[in-house]
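Biologist: Please show me the model, and then we can go through some of its side-chain contacts.

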Amino acid sequence: MNRILLIIMIIGLMLPLCAQGTDPIERYLEFPGVDNFLEAVTALNDSLNADSDPWTIKANLAYIANSEANRLLDELRANEEHLSAGQRFMVANMLLGMDKYDLAIELYEGLNKDYPKWSCPWRHRGEALYKQGDYKTAVTALNQAIKTNPQHYDAYVWLALTQKELKLYKDALANLDEARKLDPNAEGGADDVMSAESVDALYKELQMKAKKGRK
């Protein structure tokens with residue numbers, strides 16, 4: 001959506017609130033920050049409890065929440081040298097969840113360089129590359145995740161998905177077969193890449209594709 005059009009829409013949504021004197025919201029938009037954000041959220045929540053038009057209030061809550069999330073992520077990225085490895089990984093995962101693949105990959109690459117034996121950043125970098133459509137590079141990252149942790153269930157699943165896109169059905173089937181032997185929770189909690197039913201369905205699909213490839 002055109003950025004100017006989006007701004008016009010947001011202003012339109014806010015006009016009823018401004019008419020009611022929502023200074024905290026105007027203050028946050030002019031001077032973004034945690035304190036002003038919390039004050040704006042409180043004001044909007046109070047309005048939500050009393051207002052007959054909750055959808056406008058919720059739209060504004062969504063807008064400022066997204067705005068503050070992006071502002072904080074920018075701040076965290078700008079101060080990356082002050083973050084621990086776990087914090088850098090968390091920020092990268094948030095960027096991945098927001099479909100900001102280039103930014104996420106940049107952070108994962110830094111973690112790969114600094115902690116080459118840590119499997120999780122390799123695995124998540126592979127996911128980001130997969131979602132970006134860079135399947136060949138994703139395979140390299142995911143193989144590295146497995147090399148550093150042969151028990152990494154999610155890495156096998158993502159590798160199988162990636163190899164399917166590359167039409168490497170036999171390799172994909174072999175890796176999914178390895179995944180099915182492992183505990184999805186071995187990494188301290190599964191990322192829910194796929195449900196067990198979806199994994200079984202993918203396995204059957206790969207079996208059929210691999211069989212056709214032999215003809």
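The questions below concern a predicted model.

Biologist: Is histidine 152 buried or exposed?

Modeller: Histidine 152 sits in the loop between helix H8 (135–148) and helix H9 (153–165). Its relative accessibility is 2%. Buried means under 20% relative accessible area, so histidine 152 counts as buried.

Biologist: With which side chain does histidine 152 make a polar contact?

Modeller: Histidine 152 is a buried residue. The contact runs from side chain to side chain at 2.6 Å, and the partner is serine 119.

Biologist: Which helices does the salt bridge between glutamate 39 and arginine 27 tie together?

Modeller: The two side chains meet at 2.6 Å, N to O. Glutamate 39 and arginine 27 are twelve residues apart in sequence, so the pair ties together separate parts, namely helix H3 and helix H2 (residues 23–30).

Biologist: How many residues apart are glutamate 205 and lysine 164?

Modeller: Glutamate 205 forms a salt bridge with lysine 164, with the closest N and O atoms 3.0 Å apart. Glutamate 205 is in helix H11 (residues 196–213) and lysine 164 in helix H9, and the separation is 41 residues.

How values were computed. Residues numbered from 1 in each chain as written. Predicted model: local features only at pLDDT ≥ 70, side-chain atom pairs only at ≥ 80, totals over all residues. Heavy atoms only, no water. Helix = DSSP H or I, 4+ residues; strand = E, 2+ residues; numbered from the N terminus. Buried < 20%, exposed > 50% of the residue type's maximum accessible area, 1.4 Å probe, protein only. Polar contact = N/O pair within 3.5 Å; in protein donor to acceptor, adjacent residues only side chain to side chain. Salt bridge = Lys/Arg side-chain N within 4 Å of Asp/Glu carboxyl O.
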